[in-house]
Amino acid sequence: MKISFVYPEGGYIFYPDEDKTVKLKITELLSASEPVTVRLDLSDYYGAGVFGNTEELVPDGGEICAEYELELKKFGYYRLSVSLSQGKDEAAAATGIGVTTRHERSGEESVFGVSCNFWNPERDMPLYERVGVRYIRNPGKDTTIKWRDCLEKHGMYSQVQLQGNDMFFPGRQAHYKRNTAYYYQQQYGNVSKLIEHGNEHWEE
């Protein structure tokens with residue numbers, strides 16, 4: 001059996017006034033007709049149990065699609081664990097859930113004043129927007145250029161190091177007119193910001 005969580009844009013990050021619904025898709029069943037026992041366990045950040053439920057679901061067309069609305073009234077991080085059994089076949093999976101306040105970002109400010117790496121811009125930027133992050137630390141070529149439209153859509157800024165590599169010759173600390181970071185700022189100023197944080201920022 002296989003468990004897949006069906007994520008909305010932005011992931012399972014909810015605001016207090018939103019329905020906190022988690023969707024599951026269960027496939028690769030041992031039997032296309034026998035019921036599947038589904039066990040849900042929800043715990044908070046500290047591992048304390050918040051909710052538990054066990055039920056039997058009958059496959060429809062060889063798979064199961066289910067929705068669960070969770071009563072989460074407190075801010076914080078939660079962990080949802082799902083376990084399945086059908087005869088001798090078993091499967092388990094888990095996902096994270098967050099409940100946070102709505103963050104109003106003003107100007108170029110980030111609520112948390114942080115930057116963060118990401119490896120899947122199309123998936124992760126909506127999530128970062130929901131939690132109030134404005135700046136992202138990332139490789140310039142892979143993000144600033146390729147994902148320019150996505151950055152603009154979600155109100156994000158790509159951070160690039162002030163002293164970048166030379167555009168035309170090997171070496172660092174190039175003259176500003178040949179500087180990679182300067183180039184990104186000039187060409188993509190609406191989504192790229194020059195911020196000096198040392199060599200830990202990627203600018204190539």
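**Note on the predicted model**

1. Leu30 is exposed, because its relative accessible area is 59% and exposed means over 50% (buried is under 20%, partly exposed in between; 1.4 Å probe, protein chains only). Leu30 belongs to the loop between strand S3 (21–27) and strand S4 (36–44). Strands (E, at least two residues) and helices (H or I, at least four) are DSSP runs, numbered from the N terminus.

2. On sources: this is a predicted model, in which local features need pLDDT of at least 70 and side-chain atom pairs count only at pLDDT 80 or more, while totals for chains, interfaces and linings use all residues. Residues are numbered from 1 along each chain as its sequence is written, and side-chain values use heavy atoms, with hydrogens and water left out.

3. Which residues does Leu30 contact, leaving aside its neighbours within four places in sequence? They are Met1, Gln86 and Asp89, where contact means heavy atoms within 4.5 Å. Leu30 and Lys88 are 58 residues apart in sequence, with 8.9 Å between their C-alpha atoms.

4. The protein chain has 4 helices and 11 strands. Of its 204 residues, 43% count as buried. Among contacts with a separation of 6 or more, 59% are between residues 24 or more positions apart. The chain exposes about 11800 Å², and carbon and sulfur atoms supply 48% of that area; accessible areas come from the Shrake-Rupley method with a 1.4 Å probe, and for residues only the protein chains shown count as cover.

5. The whole structure holds 5 aromatic pairs. Rings of Phe, Tyr and Trp (its six-membered ring) pair if their centres lie within 6.5 Å; planes under 30 degrees apart are stacked, over 60 edge-to-face, and the rest tilted. The pair Phe5 and Tyr7 is tilted, because the ring planes are at 45 degrees, with the centres 6.2 Å apart. Phe5 is buried at 13% relative accessible area, whereas Tyr7 is partly exposed at 44%. Ring pairs link Phe5, Tyr7, Tyr12 and Phe14 into a cluster.

6. Helix H1 (residues 121–130) has as its buried residues Pro121, Asp124, Met125, Pro126, Tyr128 and Arg130. Their cover includes strand S2 (13–14), strand S9 (135–137) and helix H3 (148–153). The charged end of Arg130 sits over the ring of Tyr15, 4.3 Å from the ring centre; the criterion is NZ of Lys or CZ of Arg within 6 Å of the ring centre and within 35 degrees of the ring normal. After H1 comes Gly132, with a positive phi near 95 degrees.
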